[in-house]
Amino acid sequence: MNIVIVGLGKYGTLLTDHLSKENHDIIVIDTNAKVIEEVVNQYDVKGYVGNGASYLTQENADINKFDLLIATTSTDEVNILTCLVAKKIGIKQTIARVRNPEYSLQAQMMQNELGISMTVNPDYNTALEIFRTIRFPSALTVESFANGKVDLVELKIEKDSLINNKSLIEIKEKYQTNLLFCAVVREDEVIIPNGNFVLQEGDYVYITVSARETTSSFKKLKTFKQKAKTAMIIGGGKITYYLAQMLIDNGVSIKIIEKDYDRCLSLSQAFPKALVLHGDATNHNLLLSEGVGETDAFVTLTGQDETNIILSTYAKECGCKKVITKITNGSYDLILDKTGLESVVEPKELFANNIIRYVRGMKNTRGSEFKTLYRLVDNKVEASEFFISKEAKYTSVPLKDLKIKNNVLIAAIIRKNKVIIPSGLDTLEPLDSVIIVSSSYVIKDVNDILG
């Protein structure tokens with residue numbers, strides 16, 4: 001596919017990295033000649049120096065020959081204008097990065113009236129990711145499929161866990177849980193397990209389960225923790241704006257600590273039910289006085305990764321059981337492993353996942369519609385959701401009789417709004433949605449699972 005990426009900040013550069021690895025023909029546009037040179041030298045892409053929102057720039061770059069334009073500059077208005085100009089020139093599909101809450105409310109209008117194919121708000125997506133984790137604090141992360149019908153839950157196996165040193169078959173038989181262990185990370189190895197696989201202390205496991213049964217299943221395994229009733233948020237940016245609304249709407253009492261006085265005023269006016277504190281959260285006395293150790297959830301959302309890591313580490317040492325850390329620099333992953341901070345969100349990666357899902361959906365024409373994508377374990381594992389639109393060679397055949405590639409697993413089937421955690425006797429049928437987990441292959445269509 002031919003793709004134009006306008007804006008080479010951290011979001012545009014990461015997107016160039018991911019999409020170039022999927023063998024798309026890409027041209028990048030930015031006003032900074034040095035940045036263009038660096039990106040062109042690093043990736044197999046073409047570059048054009050200029051204002052991506054300019055009709056002349058787009059015309060000279062021949063973008064009318066491209067299938068998709070993605071505008072990722074730091075300014076919402078520039079991104080929207082860039083997409084409008086591209087539509088005028090002849091590109092049918094456009095995506096704009098839009099962060100302003102006021103514009104986000106107009107997303108549907110932008111699609112219907114302005115013809116922008118999709119708007120992506122990384123701040124909202126990050127807030128939603130954090131909210132899901134706070135809603136279910138037993139998990140390190142929680143992802144959602146099939147319009148919220150299926151949860152993909154990440155857990156760490158602790159020494160005193162009921163399922164430590166037990167095989168997956170033993171767990172299913174003993175605890176009668178309707179869930180599926182679909183991936184295990186042990187040290188640096190990613191494993192798609194079979195029923196004989198034995199879990200060990202320190203394993204990170206990914207489990208699919210019907211959202212209706214998530215709580216009951218984890219109660220059986222004695223890993224369930226009550227959902228958070230209180231939360232402390234450090235930093236008062238756009239992510240906090242979205243997260244605060246989600247938490248308040250769900251009855252969570254929140255405190256926000258922000259050192260910019262004007263921002264505090266704005267937040268206090270927007271959220272009268274929240275306690276907004278003007279202060280510097282790096283002052284440990286302030287955190288102690290506000291009960292950092294007693295709060296159910298502690299979330300660091302400042303603009304500095306180092307500050308977020310230090311504050312999160314301190315909150316964990318104070319006894320806070322659910323600590324969530326935002327980072328923008330993926331190179332800090334090793335440091336996070338050493339500090340024991342396990343619930344981490346990366347807005348850039350969430351943004352890239354949204355775009356990649358859309359791009360793969362554009363390419364797919366072989367009988368299954370690409371719907372949802374989550375990339376896990378530093379992008380070593382992909383969990384994808386497809387809708388099966390018609391009969392195929394893999395439909396109506398028991399899964400045990402399908403020749404499925406190694407390191408590929410059917411994690412869940414959704415049929416007539418019912419979630420099926422599959423066994424070997426289950427089948428895929430037309431009009432099903434199916435969730436597929438893979439660690440060695442990029443699955444772009446359900447046909448790709450067959451060996």
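I count as a salt bridge a side-chain nitrogen of Lys or Arg within 4 Å of a carboxyl oxygen of Asp or Glu. The model is predicted, with local features needing pLDDT of at least 70, side-chain atom pairs counting only at pLDDT 80 or more, and totals for chains, interfaces and linings using all residues. Residues are numbered from 1 along each chain as its sequence is written, and side-chain values use heavy atoms, leaving out hydrogens and water.

Salt bridges. I searched the whole structure and found 12 salt bridges. I looked up D203 and R186, whose side chains meet in one of them at 2.7 Å, N to O. D203 sits in the loop between β10 (189–191) and β11 (204–210), while R186 belongs to strand β9 (residues 179–186), 17 residues apart; strands here are DSSP runs (E, at least two residues) and helices likewise (H or I, at least four), numbered from the N terminus. D203 is buried, with a relative accessible area of 1%, where buried means under 20%, exposed over 50% and partly exposed in between (1.4 Å probe, protein chains only).

I next took R360 and E22, whose side chains form a salt bridge at 2.6 Å, N to O. R360 lies in helix α15 (residues 347–363) and E22 in the loop between α1 (10–20) and β2 (25–30), so the pair ties together parts 338 residues apart in sequence. R360 is buried at 1% relative accessible area, and E22 is buried at 8%. I also noted R375 and E382, which meet at 3.3 Å, N to O, and both of which are buried. A network of salt bridges links E22, R360, R375 and E382.
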